[in-house]
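Please look over the sequence and the three-dimensional structure shown here, and keep both in view while reading.

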Amino acid sequence: MTNNDVLRSVRYMLDLSDSKVVEIFALASCDVPLEDVQAWLKKDDDAAYRPCPDVLMGYFLNGLIFHRRGKSEDAPAPSIERRMNNNIFLKKLRIAFALKTTDIPEILLKANFTVSQAEIGAIFRNPDHKNYRECGDQILRNFLKGLTLVQRPAPVKKA
């Protein structure tokens with residue numbers, strides 16, 4: 001998935017305004033103009049659309065961790081990756097939402113997508129490990145969908 005796809009999904013999931021997204025970047029000590037954020041949130045076929053760079057997406061995800069869990073003065077800040085991929089997205093989102101590895105299959109199930117615990121474990125392994133597995137777009141897309149259902153449950157209709 002692209003950085004812009006993940007950014008749009010997280011923004012919708014948490015019902016964040018454009019200015020709140022700018023504040024989340026600032027939590028990771030990254031000043032981003034509101035106009036840039038608005039361009040990244042546009043649909044891919046919009047003339048004002050611009051791709052979000054990997055480094056800035058790393059800052060956003062770190063800011064999201066600080067926004068959701070608070071900033072610890074004792075612990076070092078998470079590293080900023082120069083190249084983003086689906087595995088890093090999943091790892092950072094797991095940290096931001098304080099999820100255990102065992103929570104991931106449950107969240108995927110909410111999106112009607114089944115994955116074994118072993119597959120999830122392989123995604124979180126070090127890339128040099130023999131059992132490492134790349135996280136596909138389908139897994140990440142369904143994880144974001146399931147997490148959105150957890151964060152923004154459907155309103156209960158009155159009879």
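A charge is said to sit over a ring if NZ of Lys or CZ of Arg is within 6 Å of the ring centre and within 35 degrees of the ring normal. By that definition, the charged end of Lys71 sits over the ring of Phe66, 4.9 Å from its centre, and the charged end of Arg94 sits over the ring of Phe124, at 4.2 Å from the centre of that ring. The model is a predicted one, in which local features need pLDDT of at least 70 and side-chain atom pairs count only at pLDDT 80 or more, while totals for chains, interfaces and linings use all residues. Residues are numbered from 1 along each chain as its sequence is written, and side-chain values use heavy atoms, with hydrogens and water left out.

Rings can also pair with one another, and a pair of aromatic rings is described by the distance of the centres and the angle of the planes. Here, rings of Phe, Tyr and Trp (its six-membered ring) pair if their centres lie within 6.5 Å, and planes under 30 degrees apart count as stacked, over 60 as edge-to-face and the rest as tilted. A search of the whole structure finds two such aromatic pairs. In one, the rings of Phe25 and Trp40 have centres 5.8 Å apart and planes at 50 degrees, so the pair is tilted. This pair links distant parts of the chain, with Phe25 in helix α2 and Trp40 in helix α3, 15 residues apart; helices are DSSP runs (H or I, at least four residues), numbered from the N terminus. Phe25 is buried, with a relative accessible area of 0%, and Trp40 counts as buried at 3%, where buried means under 20% relative accessible area, exposed over 50% and partly exposed in between (1.4 Å probe, protein chains only). The rings of Phe25 and Phe60 have their centres 5.4 Å apart and their planes at 50 degrees, so this pair is tilted. Phe25 in helix α2 and Phe60 in helix α4 are 35 residues apart, and their pair likewise links distant parts of the chain. Phe60 counts as buried at 0% relative accessibility, and the ring pairs link Phe25, Trp40 and Phe60 into a cluster.

In soluble globular proteins, nonpolar side chains tend to be buried together. A nonpolar core is a set of buried Ala, Val, Leu, Ile, Met, Phe, Trp, Tyr and Cys residues joined through side-chain atoms within 4.5 Å. The largest one in this model has 43 residues, and those with the most contacts inside it are Met57, Phe60, Phe97, Leu140 and Phe143. At least two residues of this core come from each of α1, α2, α3 (34-41), α4 (54-69), α5 (86-96), α6, α7 and α8 (137-151). Contact means heavy atoms within 4.5 Å; not counting residues up to four places away in sequence, Met57 touches Asn3, Val6, Leu7, Cys52, Met84 and Phe89.

What of the charged side chains? Side chains of opposite charge can pair when their charged atoms come close. The structure holds eight salt bridges, each a side-chain nitrogen of Lys or Arg within 4 Å of a carboxyl oxygen of Asp or Glu. One of them joins Arg8 and Asp44 (3.2 Å, N to O), and this pair links distant parts of the chain, Arg8 being in helix α1 and Asp44 in the loop between α3 and α4, 36 residues apart. Arg8 is buried at 17% relative accessible area, whereas Asp44 is partly exposed at 46%. Asp5, Arg8 and Asp44 are linked in a network of salt bridges. Another salt bridge joins Asp18 and Arg11 (2.8 Å, N to O).

Two loop residues remain. Most residues other than glycine have a negative phi. Asp15, in the loop between α1 (3-14) and α2 (18-27), has a positive phi near 55 degrees and counts as exposed at 62% relative accessibility. Asn112, in the loop between α6 (103-110) and α7 (117-123), has a positive phi near 60 degrees and is exposed, with a relative accessible area of 72%.
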